Amino acid sequence: MAFTIDNSETDFELSIEYRELADELGFEDYRVCQCPNDSEFFVEALCEIYAKMR
């Protein structure tokens, strides 16, 4: 699953609820990657991809 925007509900689910589930299931390592949507480079890359698709 991947998102290109921050979402407070998703952040809560991934950072808290799913981490608890991972702990219960015995995961040794659980990581949540922060969205790069506030990066100018990321936004430019999305614009380039969109322009090529048109």
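The following questions and answers concern a predicted model.

User: What conventions apply to the numbering and to the predicted model?
Analyst: Residues are numbered from 1 along each chain as its sequence is written, and side-chain values use heavy atoms, with hydrogens and water left out. In this predicted model, local features need pLDDT of at least 70 and side-chain atom pairs count only at pLDDT 80 or more, whereas totals for chains, interfaces and linings use all residues.

User: How many helices and strands are in the chain?
Analyst: Helices (H or I, at least four residues) and strands (E, at least two) are DSSP runs, numbered from the N terminus. Helix α1 covers 8–24 and α2 covers 40–53, with a loop between them. The count for the chain is two helices and zero strands.

User: What percentage of the residues of the chain count as buried?
Analyst: Buried means under 20% relative accessible area, exposed over 50%, and partly exposed in between (1.4 Å probe, protein chains only). The chain exposes about 5100 Å², of which carbon and sulfur atoms supply 55% (Shrake-Rupley method, 1.4 Å probe; for residues, only the protein chains shown count as cover). Of the 54 residues, the buried share is 6%.

User: Which residues form the nonpolar patch on the surface?
Analyst: Patches are made of residues with over 30% relative accessible area and no salt bridge; like charges are joined within 9 Å, and nonpolar side chains (Val, Leu, Ile, Met, Phe, Trp, Tyr) within 5 Å. F27, in the loop between α1 and α2, is partly exposed because its relative accessibility is 48%. With about 420 Å² of accessible area together, the members of the nonpolar patch are Y18, L21, L25 and F27.

User: Which side chains meet in a salt bridge?
Analyst: A salt bridge is a side-chain nitrogen of Lys or Arg within 4 Å of a carboxyl oxygen of Asp or Glu. A search of the whole structure finds one. D29 is partly exposed at 49% relative accessible area, while R31 is exposed at 69%. At 2.8 Å, N to O, the pair is D29 and R31.

User: Which residues form the negative surface patch?
Analyst: Asp and Glu count as negative and Lys and Arg as positive, with His and the chain ends not counted; the place of a charge is NZ of Lys, CZ of Arg, CG of Asp or CD of Glu. E13 lies in helix α1 and is partly exposed at 31% relative accessible area. The negative patch consists of E9, E13, E17, E20, D23 and E24.

User: How many Å apart in space are C33 and D11, C-alpha to C-alpha?
Analyst: C33 lies in the loop between α1 and α2 and is exposed, with a relative accessible area of 70%. C33 and D11 are 22 residues apart in sequence, and their C-alpha to C-alpha distance is 9.7 Å.
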